Amino acid sequence: MLNKLKADFDGILELVNKAPAPLQELAFKMILEQWFSANVAPKPVPSPPAPAPGVPGVPSGGAPDPVKPFLTANAITTAILEKVFNPLGPGAQLLASEIPGNGKANQMVNLSLLLCVKQALESGAFSCTLKELRELAVHYDCYDSSNFAATLKSNKNYYKPREKGADLELSGPGLKGAGELIKSIAAGE
Amino acid sequence: MDVAQALEDLLEELASIQKDVSKLKTASVSGQALRKRVKETHKNWLPVAGVLEAGRIVDAAHLQGVSDAWAALVKLANNPNPKKQYKVLLKNIVATTESELLHKFIKGSAIQTIGDTLRKLVQPIGDADLLRYLEESIRCAEMNCVRASVVLAWCAVAHMIHKKLRSLGIATLNAQFASMKADQGLMFRAFKKDYVFTTEPDIQEAADAHLILLCRFLTYLDDTQYKHLKNALDLRNGCGHPTGYQPDPVKLQAYYADITQLVLLNPKFT
């Protein structure tokens, strides 16, 4: 295996160098992880535990398939995601004890991004209902009732176009924002 | 009608009226336009009040208080009156609508749907004994008895842990407790209790905190899982003793997600 690693190493470095400088370390780690999982034969397990019931489409120890492109695009590893949500599948819960952001409006927008990712971990769709957003915003003390609609409107680039009162669904910038937010929470910022 | 949305719209309009009243350079609100806006906004309040009254989620006295304040505000708007009086009434309506009606409505509507959410989480559980505890717990949650719900759901957790530890046999269990006491590892060195069980029901006498620590010692749980289960036990203890803490439906949902994942559906406990 060592010989194969030596042979593949230059190729790996070449790939890593294609990534932007700040992400090279992460890219190196991810590629190496992939290399090892592809090249190391799994250890024989005498009696594998039964799979957790009710978790269709969720690979053990990983995020559901529909979320994987989002994770890859934002350089988020399972380890990073696990610092923000647990479990990474149906029943996913937001682990944060408080929502980052300056002021209630900013916190509520951040909460909406996180709720959409939470929903994606459950069902694959990056969306959340306003009912759920309100309930969680009250819980996290970032609900500004008289500015609720105005706050969502002024951050409408994060969401796909919708009617007033309709569910939120993340747009491209919303997905990017959610990715950045998850990384900053995981980093303890 | 989306009541939360309607209340938000009302609050937004009331905030705007408050601002305009404050901006007036006169001592009284005499302009027709502003007084008309007050009356129009009141018209939007009436159907919301009707739905809130029928829904019984919010406290009837608070609802009546806001309705009375609205009536007084509309009476003021019939004629030019001092803006001081407007300010007091507007402030009262906004504060009570927000904290006692809207927030309570949101929490109350979360309670109305919590049963479905919790049942979905425990749906894969097949053990009839566990389901009896859980169903009772969920019914408590649906009646807005969140603390009772937390305590009853923990009964299912304790039941499963007892069952698993009983399956080891009394002798092994005594030996494992002794080994854990002797362990000087960071996690276990504070554990100093002597447990000597003679019959299976004796296990129920052991502190839940020690039983879950033993589950960690026996590697049914890893460090992170143990930490989360300990938090769930702390919540259970907070709800099972006289404290001022009142968890909300969001907290209950997170608690359920944790206990199902960590114990009730954890293959290591079957």
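Because the model is predicted, local features need pLDDT of at least 70 and side-chain atom pairs count only at pLDDT 80 or more, whereas totals for chains, interfaces and linings use all residues. Residues are numbered from 1 along each chain as its sequence is written, while chains are lettered from A and ligands numbered from 1 in the order in which they are written.

**Confidence**
- The predictor assigns the complex an ipTM of 0.79 and a pTM of 0.76.

**Chain B: fold and dimensions**
- Chain B contains 10 helices and 2 strands, where helices (H or I, at least four residues) and strands (E, at least two) are DSSP runs numbered from the N terminus; the order of elements from that end is α-β-α-α-β-α-α-α-α-α-α-α.
- Chain B is more spread out than a compact globule, because its radius of gyration is 27 Å, well over the 18 Å that the globule rule gives for 270 residues; the radius is taken over C-alpha atoms, and the rule is 2.2 Å times the number of residues to the power 0.38.
- The C-alpha trace of chain B spans about 85 × 35 × 25 Å along its principal axes.
- Chain B is divided into domain 1 (3–110) and domain 2 (124–269), with bounds that come from an automatic or database domain assignment, and the centres of these two domains of chain B, taken over C-alpha atoms, are separated by 48 Å.
- Of the 270 residues in chain B, 34% are buried, a class that requires 20 or more other C-beta atoms within 10 Å of a residue's own, with exposed meaning 12 or fewer and partly exposed in between, and with C-beta atoms placed from the backbone.
- Among contacts in chain B (C-beta atoms, placed from the backbone, within 7 Å) between residues at least 6 apart in sequence, 72% join residues at least 24 apart.

**Chain A: fold**
- Chain A has 8 helices and 4 strands, which follow the pattern α-α-α-α-β-β-α-β-α-α-β-α along the sequence.
- In chain A, buried residues account for 34% of the 189 residues, and among contacts between residues at least 6 apart in sequence, 57% join residues at least 24 apart.

**Interface**
- The interface brings 27 residues of chain B into contact with 19 residues of chain A.
- On the side of chain B that touches chain A, α1 (3–23), α4 (83–122) and α10 (249–264) of chain B each supply at least two residues, and α4(B) gives the most, with 8 residues.

- Not counting residues up to four places away in sequence, A:Leu111 touches A:Ile99, A:Leu133, A:Leu136, A:Ala137, A:Tyr140 and A:Cys142.

**A:Thr151**
- A:Thr151 lies in helix α7 (residues 148–154) of chain A and counts as partly exposed because it has 19 C-beta neighbours inside 10 Å.
- Leaving aside neighbours within four places in sequence, A:Thr151 is in contact with A:Ala105, A:Met108, A:Val109 and A:Asp144.

Conventions: Two residues are in contact if their C-beta atoms, placed from the backbone, lie within 7 Å.
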